[in-house]
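Me: I would like to go through this structure term by term. Please set each value against the definition behind it.

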Amino acid sequence: MDGYSTDMKGIIDAVTDRTRLVWLCNPNNPTGTVFEPGLLGSLLENIPESAWVVLDEAYAEFASPGDLPDRSRLILEGRNLISVRTFSKAYGLAGARLGYGIAREEVITAIDTVSEPFNANRLGIAAGVAVLTKDREACESARLLIVSERERVSRQLGMMGLEVVPSRANFIFFETPRFADEVAGDLLRRGIIVRPCGGWGYERAIRVTVGTEEENNFFLEALEETLKTSETAGSGPM
């Protein structure tokens, strides 16, 4: 990582003849950032013929099309690229365990050969068809609401004096003045679950999923109270 973003130039420089697989998460988890779209083509030009790039775009629907690489064009050009997406995020079908991959025909054939049979159930497939057809308008409305709330909550966090990383996902990543585990524990006692990001190397950062306006307001109020309480506790005599 380069700060909060995927260090694509560093990855390109690290590629050797021994490289076999590069896995990229874009938008990135947990920061929500995206890399410069053109850098994917540069990476594909620098990997060995025997190496592959997997582009994990689980949160892609929450980003603008211009923020993302043109995966279809790169695959049609014959590049060693496999793009994977899921119905778990933007379409709310996490329990259905449904997703898909795009790659060159011979790659999909090879994957299908070794895949377990019946790996997608009828209910999941029916739900996937529904959200792409008759429920598409409702899903788009929900997506737009999440994007709008993401920007509003990000602004509110910034007004609290917190460092907020611009997100292209359905969550927000921000730095706190205290260790993230402590803040997350205080919020949990107030009925709010967030993800402290120390496991990724960000000891004072938190990732929070964007919810409804009411849920987001509840989170903002609780966070503000938590931070004020910690300031008061830290202002007394030592």
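Me: What volume does the largest pocket have, and what makes it a pocket?

Reply: The largest pocket has a volume of about 450 Å³. On a 1 Å grid over the protein atoms alone, a pocket is an open set of points with protein on both sides within 12 Å along at least five of seven lines, whereas a cavity is a set where a 1.4 Å probe fits but cannot get out. The volume is the space filled by probe spheres set on the points, which are joined across faces, edges and corners. The model is predicted: local features need pLDDT of at least 70, side-chain atom pairs count only at pLDDT 80 or more, and totals for chains, interfaces and linings use all residues. Residues are numbered from 1 along each chain as its sequence is written, and side-chain values use heavy atoms, with hydrogens and water left out.

Me: How many residues in the lining of the second largest pocket are nonpolar, polar and charged?

Reply: Eight are nonpolar, none is polar and seven are charged. Nonpolar means Ala, Val, Leu, Ile, Met, Phe, Trp, Tyr, Cys and Pro; charged means Asp, Glu, Lys and Arg; the others, Gly among them, count as polar.

Me: What volume does the second largest pocket have, and which domains supply its lining?

Reply: The second largest pocket has a volume of about 340 Å³. Its lining draws at least three residues from each of domain 1 (8-130) and domain 2 (136-229). The bounds come from an automatic or database domain assignment. Helix α6 (residues 136-159) gives the largest share, four residues.

Me: How far apart are the C-alpha centres of the two domains?

Reply: The centres of domain 1 and domain 2 lie 27 Å apart. The contact takes 15 residues from domain 1 and 18 residues from domain 2, where contact means heavy atoms within 4.5 Å.

Me: What share of the chain is called buried?

Reply: Buried residues make up 43% of the 238 residues. Buried means under 20% relative accessible area, exposed over 50%, and partly exposed in between, with a 1.4 Å probe and protein chains only.

Technical notes:
On a 1 Å grid over the protein atoms alone, a cavity is a set of points where a 1.4 Å probe fits but cannot get out, and a pocket is an open set with protein on both sides within 12 Å along at least five of seven lines; lining residues have an atom within 4 Å of a point. Helices (H or I, at least four residues) and strands (E, at least two) are DSSP runs, numbered from the N terminus.
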